[in-house]
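Student: I have a structure open and I'd like to go through it. Can we take it piece by piece?

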Amino acid sequence: MIKKVAILANGGDVAGFNAVIRGIVKTAENNGIEAYGFIDGYTGLLKNEYIKLSTASEGNAEGILPKGGSIIGSSTNANVFNYKITKENGEVEYKDLSDVCIENLQKDGFDCIFTLGGDGTQKSARDFSTKGVKVIGVPKTIDNDVACTDITFGYNTAVSVAMEAIDRLHTTGETHHRIMVLEVMGRYAGWIALESAIAGGADVALIPEIPYDIEKVASKIKNRQSRGKNFSIVVVSEGAKAKGGEMTIQGTRNNGQGVDNTKLGGIGEIVAKQLEQITGLEARNTTLGYMQRGGTPTAYDRVLSTKYGTKAMQLALEGKFGRLTVIKNGKLDDVSLEDVVGNNTQIGAVSGNTEQSNLRKVTLDDDLIKTARSVGINLGD
Ligand code: F6P
């Protein structure tokens, strides 16, 4: 019998975190179960810092459905299986502190923990599950790249924000006869770029899965020009790269050891400069950045997050652990965490959305690729 559950939100924030939390807490309360939230993801689990969550009148989880961010915070640098410790003499060492987390859970009588996060978070969740912890994962990320699910929560909001940016770039680009480049997030997957390009009616979409030839992009723009269209919209995924080239790296993140610390970004500027040189048209880049993560979730994300939250608590009630809630062929379902992060078998091995992990990337036979090509969106190939 489950009596007391805990939630943690981990990794980069997305719109919908709170909606999932609310879904779990409400379902828990309806079944006479107490729900708690660890503060700042796995960090809170390690430090045993948590709060009781309540959707009762004046409760801290009341009215949070439309709220951006996470009421229990989130951590982007807490790989507790490889945790960074700075000693008094300034020396840094990395330790596996997962057993401390497990003791905390046992000591305070938590029957189960919900891990809201992307690939890296679910990798740790699987590792905890292997050590006997009752875990249920919920797939979060604007990048939409978690394996085994059609969609992650937060993604739809990110696409909507990018679409609105494209709409706005359209009017300024048209007025000044410019090439307007929009760099969007997504890491090694081009979902945000591709879907927002279709939704916003862009002319070009460059994604990591299809290395581009800048001359092909320029031809598309020149062709538009020859038809009297003196402006173009180019959406570039942060992970896009030229044929035979490398991804553009902005720097290094401080997300701990054993996780992906590559800070992508900067490709939008490069593409804009190259297109300006080749076409002779003025080009401007806009990097959308964290706008894609912040703010209120779309209706779609509110519903998806609510489905995921309630399903997660339902799984706990059924005693099904070591699972991830997913949407499979449009239906709410669950899969084993092992299937999700299966190639990351080694405890403490590199996790997070690295190119090597089993991320769900855009495949060339995806409907979105066909749709984009059919409406004349140039994919740089
Ligand atoms: O994974 C989500 C994401 O927003 C990526 O799209 C982006 O590359 C990255 O996180 C940025 O991470 P950080 O918050 O560490 O800057």
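Student: Before that, where does the model come from?

Tutor: This is a predicted model.

Student: OK. Which domains is the chain divided into?

Tutor: Domain 1 covers 4-154 + 297-341, and domain 2 covers 158-294 + 364-374. Their centres, taken over C-alpha atoms, are separated by 32 Å. The contact between them takes 16 residues from domain 1 and 16 residues from domain 2.

Student: How much area do domain 1 and domain 2 bury between them?

Tutor: About 1400 Å², with 49% of it on carbon and sulfur atoms. On the domain 1 side, the residues that lose the most area to domain 2 are Y94, I142 and D143. Together they make up 35% of what that side buries.

Student: What kinds of residues are on the side of domain 1 that touches domain 2?

Tutor: Four are nonpolar, eight are polar and four are charged.

Student: And how many salt bridges are found across the interface of domain 1 and domain 2?

Tutor: One salt bridge is found there. There are also five residue pairs in polar contact across the interface. As for a salt bridge you can look up, D13 forms one with R293, and the closest N and O atoms are 3.1 Å apart.

Student: Why do side chains like that pair at all?

Tutor: Side chains of opposite charge can pair when their charged atoms come close.

Student: How many salt bridges are in the whole structure?

Tutor: A search finds 16. One to look at is D203 with R224, where the closest N and O atoms are 2.9 Å apart. D203 lies in the loop between α6 and β9, while R224 lies in helix α7, so this pair ties together parts that are 21 residues apart in sequence.

Student: Are D203 and R224 buried or exposed?

Tutor: Both D203 and R224 are buried.

Student: Which side chain does K311 meet in a salt bridge?

Tutor: K311 meets D334, at 3.5 Å from N to O. K311 is in helix α9 and D334 is in strand β15, so the pair ties together parts that are 23 residues apart in sequence. K311 and D334 are buried as well.

Student: What about D334 and K320?

Tutor: Their side chains meet in a salt bridge too, at 3.2 Å from N to O. K320 sits in the loop between α9 and β14, 14 residues from D334. D334 has 7% relative accessibility and therefore counts as buried. K320 has a relative accessible area of 34%, so it is partly exposed.

Student: Which residues are linked in a network of salt bridges?

Tutor: K123, R126, D127 and E338 are linked that way.

Student: Changing topic. Where does T121 lie?

Tutor: T121 lies in helix α4, residues 119-130. Its relative accessible area is 6%, so T121 is buried. Leaving aside neighbours within four places in sequence, T121 is in contact with N10, G11, Y42, T115 and L116.

Student: Last topic: backbone angles. What is phi of E58 near?

Tutor: Phi of E58 is near 70°, a positive value in a residue other than glycine. E58 is in the loop between β3 and β4. With 73% relative accessibility, E58 counts as exposed.

Student: And H177?

Tutor: Phi of H177 is near 55°, again a positive value in a residue other than glycine. H177 is in the loop between α5 and β8. At 45% relative accessibility, H177 counts as partly exposed.

Methods: Residues are numbered from 1 along each chain as its sequence is written. This is a predicted model: local features need pLDDT of at least 70, side-chain atom pairs count only at pLDDT 80 or more; totals for chains, interfaces and linings use all residues. Side-chain values use heavy atoms; hydrogens and water are left out. Domain bounds come from an automatic or database domain assignment. Contact means heavy atoms within 4.5 Å. Buried area is the accessible area (1.4 Å probe) that two parts lose on being put together, summed over both. A salt bridge is a side-chain nitrogen of Lys or Arg within 4 Å of a carboxyl oxygen of Asp or Glu. A polar contact is a pair of N or O atoms within 3.5 Å; within protein, one must be able to donate a hydrogen and the other to accept it, and residues adjacent in sequence count only if both atoms are side-chain atoms. Ala, Val, Leu, Ile, Met, Phe, Trp, Tyr, Cys and Pro count as nonpolar, Asp, Glu, Lys and Arg as charged, and the others, Gly among them, as polar. Helices (H or I, at least four residues) and strands (E, at least two) are DSSP runs, numbered from the N terminus. Buried means under 20% relative accessible area, exposed over 50%, partly exposed in between (1.4 Å probe, protein chains only).
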